[in-house]
Amino acid sequence: MGKISNTRIFLIMANIESSGRDGFTSKFGVLAAAAGSAIGLGNVWRFPYLMGQNGGAAFLIIYLGIVLGIGVSVMLSEFIIGRSAGQNAYGAFKKLSPKKPWFLVGFMGIVAAFVILAFYSTIAGWTLEYIYLSAVDAFSGKSSDDLQSIFVSFTQSDIRPLIWQLIFMAITAWIVYLGIQKGIEKYSKILMPSLFIILLILCVRSLTLENASVGLNFMFNPDFSKIDSSVILNALGQAFFSLSVGMGALITYGSYVNKSNNLSNTSFQVSIADTLVAILAGVVIFPAVFSFGLDPKEGPGLAFVVLPNIFQQMTGGVFFAVLFFLLLAIAALTSTISVLEVVVAYFIEELKMSRLKATIISSFSISIIGVFCTLSFGAFRNFKIFEKTIFDLMDFFASNILLPLGGLLIVVYVGWFLNLSLVKSEVTNEGTLKGRFFGVFIFIIRFVAPLAIMLVFLNGLGIFN
Ligand code: TRP
């Protein structure tokens with residue numbers, strides 16, 4: 001080997017070492033990790049119950065419009081910020097726009113991560129209890145009413161839900177501590193496709209139930225008179241929540257993506273996969289809701305009451321129930337990891353903590369807030385502010401306020417404040433990709449998305465009509 005190539009190798013090594021950051025190793029790894037973040041309880045638990053409360057098909061149509069018209073572009077914007085800066089959500093803004101207040105957007109994302117993980121871990125804990133209940137065959141022979149009271153007495157009890165929540169937080173912290181790429185990349189690649197296949201099997205069972213068509217009608221036959229500004233705000237909040245955008249989770253993940261990745265394709269593929277899983281979850285849940293005479297407006301318990309009903313009417317129900325809740329727990333885990341990583345990356349890079357210390361401090365403080373969310377189904381269930389429990393309030397604040405606001409500022413930043421040639425170079429990988437939709441993308445993030453988000457947001461909050 002000649003002298004030159006030795007020097008070159010040295011330079012490359014030095015470069016890798018000086019950046020000193022984890023990174024995804026393959027294109028599919030990026031896709032799996034980002035889809036792992038996007039696909040979670042938002043799809044299987046939150047989407048169906050919101051759809052049930054917000055008029056069914058009409059909600060779905062608005063949701064799809066928002067994902068395609070705005071969501072994909074917000075996602076791409078986050079990836080652009082993250083990859084070009086190579087920093088955590090807060091540091092990225094500081095690096096790209098030093099001495100400007102844009103870092104506040106990153107900071108808001110850190111706050112949102114605290115709030116989201118606090119209430120998300122409550123539901124994630126429920127999935128663990130349901131793995132256990134499935135395994136001990138607690139659903140067989142039970143009526144809808146029985147299954148409902150199993151759910152209610154579990155969520156209202158003082159200790160069990162808390163223990164599961166803390167266990168879930170501990171697992172999340174453990175994986176984040178280990179460093180994300182090996183764990184997440186490897187697991188997401190196997191688990192996401194498995195979840196998809198089980199959902200398909202459940203679809204078949206649900207669609208062959210009596211009265212399945214009533215559920216399908218509810219899902220796909222829109223009644224536009226049901227649409228009002230709060231329905232639209234809920235759809236916007238759900239779209240951002242489900243795609244994991246608006247708080248810098250994908251800025252953080254983007255910073256681990258290598259320069260040869262086609263960011264537009266990744267954004268599009270992740271959004272499609274995420275939406276497919278949400279629709280499949282709806283196709284499992286709604287036919288069953290109507291077939292078992294349950295109420296689609298049931299709220300956060302919807303999936304946890306309906307799914308056991310389906311399982312106990314299936315051959316091999318115990319097996320499928322265990323498998324399903326296991327996969328749901330893991331889907332939730334690949335999401336909680338991405339939320340915690342936002343905070344941990346910030347603590348490490350900005351506050352100069354070790355990964356261990358950052359993980360312990362962040363997961364511990366989030367768990368403390370989380371306890372209140374869990375208890376708001378039990379001991380604190382009658383404590384309400386603006387007619388909302390603590391849980392509902394945190395969810396509303398994060399999903400319907402922080403995420404849309406974050407998404408708005410992110411697209412405005414990339415559209416109007418980030419150097420256009422830098423944006424173009426990120427989208428086209430320095431001119432090596434065609435970037436056919438670049439013009440559309442810029443138009444969306446400059447005009448369509450900011451206007452739409454602002455209108456929906458102010459309208460939905462009743463500030464402007
Ligand atoms: N998208 C995940 C879900 O649907 C939840 C989630 C993960 C998230 N990371 C996020 C939500 C970042 C908002 C922002 O389950």
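User: How do the residues of the shell around the ligand divide into nonpolar, polar and charged?

Analyst: In this predicted model, the shell holds 9 nonpolar residues, 8 polar ones and no charged ones.

User: Which residues come nearest to the ligand?

Analyst: Ala-38, Gly-42, Tyr-120, Phe-241 and Ser-244. They belong to a set of 17 residues around the ligand.

User: And which helices each supply at least two residues of that shell?

Analyst: Helix 2 (27–38), helix 3 (41–53), helix 6 (103–135), helix 11 (229–243) and helix 15 (317–350).

User: What about an oxygen atom of the ligand?

Analyst: A ligand oxygen sits 3.1 Å from a polar backbone atom of Leu-41.

User: Buried or exposed, how does the ligand end up?

Analyst: Buried. The ligand exposes 360 Å² when taken alone, and the protein buries 100% of that.

User: Which cavity is the space taken by the ligand?

Analyst: The largest cavity.

User: Switching topic. How many aromatic pairs are there?

Analyst: The count is 33 aromatic pairs. One example is Trp-126 with Phe-304.

User: Why is that pair edge-to-face?

Analyst: The ring planes of Trp-126 and Phe-304 are at 85°, so the pair counts as edge-to-face. The cut-off for that class is over 60 degrees. Their ring centres are 5.3 Å apart.

User: Where in the chain are the two residues?

Analyst: In distant parts, 178 residues apart. Trp-126 is in helix 6, while Phe-304 is in helix 14 (residues 302–311).

Definitions and conventions
Residues are numbered from 1 along each chain as its sequence is written. This is a predicted model: local features need pLDDT of at least 70, side-chain atom pairs count only at pLDDT 80 or more; totals for chains, interfaces and linings use all residues. Side-chain values use heavy atoms; hydrogens and water are left out. A residue is near a molecule or strand if one of its heavy atoms lies within 4 Å of it. A polar contact is a pair of N or O atoms within 3.5 Å; within protein, one must be able to donate a hydrogen and the other to accept it, and residues adjacent in sequence count only if both atoms are side-chain atoms. Accessible areas come from the Shrake-Rupley method with a 1.4 Å probe; for residues, only the protein chains shown count as cover. On a 1 Å grid over the protein atoms alone, a cavity is a set of points where a 1.4 Å probe fits but cannot get out, and a pocket is an open set with protein on both sides within 12 Å along at least five of seven lines; lining residues have an atom within 4 Å of a point. A molecule sits in a cavity or pocket if more than half of its atoms lie within 2 Å of its grid points. Helices (H or I, at least four residues) and strands (E, at least two) are DSSP runs, numbered from the N terminus. Ala, Val, Leu, Ile, Met, Phe, Trp, Tyr, Cys and Pro count as nonpolar, Asp, Glu, Lys and Arg as charged, and the others, Gly among them, as polar. Rings of Phe, Tyr and Trp (its six-membered ring) pair if their centres lie within 6.5 Å; planes under 30 degrees apart count as stacked, over 60 as edge-to-face and the rest as tilted.
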